[in-house]
Each structure stands twice: as structure tokens, then as C-alpha cells.
Amino acid sequence: MFLRLTFDSFSKIGFGLDMRTLQKNPPDQQLAFVNAFDDCNAMVFTRYVNPLWRFKRWLMVGSEARLLKQVSTLNNILHSFIDNRQRELLAGDVKYNVSV
């Protein structure tokens, strides 16, 4: 719950996007982004305690394979957000309201 609240606040203030992850039924794309972001943070943290992470990355196994998949998910979703924002700017539907 706190992760979603933090993420909603950060995305609204930082990017002007209302992610709506606190709704009863949040949009699948936004929820996938939040989960992938959280997983990436946890996996990057484990690199500090696991000295074999470079070997796992080289073999693309375990958490490193999962990290690559989650980063790909983040990239795809972020590109769709950027594309939507560019279309809004070109169409003149710019909304600069960033009040929380």
C-alpha cells in the first residue's frame, strides 16, 4: 500500500502522470510497472550482498535473468508513457496540473 502511495505521488509530481495504482482495480499497465520497479530495486540490492552476481549475469540465470526481464518490462511501459505524452503535446492536449 505504501509503495503504491509513494509511486503515485512521485509519478504525479515528477512526471505529471496519474498512475491510479491506489484504485480498487488499478490499470494493468501501471500495476505491472510498479511491480517491475519494486522487483528491480530488490534485485539490485541483492547485488550488494551476493559477490557472485556478475557470474550470474554472465550466465543469465536466477535473479539476473529476472532483472533483465523486469528492466525490459519497465522500458516497454516507459516508452508507451513517453509516446502518449508526445501525442498529447502534438495534439495540444497538454495538462500541466501537477497538484497533489
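This tour goes through the model stop by stop, saying what to select and what is found there.

**Before selecting anything**

The model is a predicted one, in which local features need pLDDT of at least 70 and side-chain atom pairs count only at pLDDT 80 or more, while totals for chains, interfaces and linings use all residues. Residues are numbered from 1 along each chain as its sequence is written, and side-chain values use heavy atoms, with hydrogens and water left out.

Colour the protein by pLDDT, the predictor's confidence in each residue on a scale from 0 to 100; the mean is 83, and 93% of the residues reach 70 or more. Confidence is lowest in helix 1, at a mean of 77, and highest in helix 3, at 93. Helices here are DSSP runs of H or I with at least four residues, numbered from the N terminus.

**Stop 1: helix 1**

Select residues 2–15, which are helix 1. This helix has 14 residues and reaches 19 Å from its first C-alpha to its last, close to the 20 Å expected at 1.5 Å a residue, where the expected span is 1.5 Å times one less than the number of residues. Phe7, Asp8, Ser11 and Lys12 are buried in helix 1, buried meaning under 20% relative accessible area, exposed over 50%, and partly exposed in between, with a 1.4 Å probe and protein chains only. What covers the buried residues of helix 1 includes helix 2. Helix 1 is followed by Gly16, whose phi is positive, near 75 degrees.

**Stop 2: helix 2 and the core**

Move on to residues 28–49, helix 2, which has 22 residues and reaches 32 Å between its first and last C-alpha, close to the 32 Å expected. Its buried residues are Gln30, Leu31, Phe33, Val34, Ala36, Cys40 and Met43, and they pack against helix 1 and helix 4.

Now select Phe7, Met19, Phe33, Val34, Ala36, Cys40, Met43, Leu67, Leu74, Ile77 and Phe81, the eleven residues of the largest nonpolar core. Such a core is a set of buried Ala, Val, Leu, Ile, Met, Phe, Trp, Tyr and Cys residues joined through side-chain atoms within 4.5 Å. Helix 2 and helix 4 are the elements that give two or more residues to this core, and the largest share, five residues, comes from helix 2.

Leaving aside neighbours within four places in sequence, Met19 is in contact (heavy atoms within 4.5 Å) with Phe7, Asp8, Ser11, Pro27, Gln30, Phe33 and Phe81. Cys40, in helix 2, counts as buried at 8% relative accessibility, and, with the sequence neighbours within four places again set aside, Cys40 is in contact with Leu67, Gln70, Val71 and Leu74.

**Stop 3**

Next, find Met60 in the loop between helix 3 (53–59) and helix 4. Most residues other than glycine have a negative phi, but Met60 has a positive phi of about 55 degrees although it is not a glycine. Met60 is partly exposed, with a relative accessible area of 36%.

**Stop 4: helix 4**

Finally, select residues 62–91, helix 4, with 30 residues and a reach of 44 Å from first C-alpha to last, close to the 44 Å expected. Ser63, Glu64, Leu67, Gln70, Leu74, Ile77, Ser80 and Phe81 are the buried residues of helix 4, and what covers them includes helix 2 and helix 3.

Glu64 counts as buried at 3% relative accessibility; not counting residues up to four places away in sequence, Glu64 touches Arg47, Trp53, Lys56 and Arg57. Arg66, also placed in helix 4, is partly exposed, with a relative accessible area of 47%. A distance drawn from the C-alpha of Arg66 to that of Asp93, 27 residues apart along the chain, gives 37 Å. Just after helix 4, Gly92 takes a positive phi of about 85 degrees.
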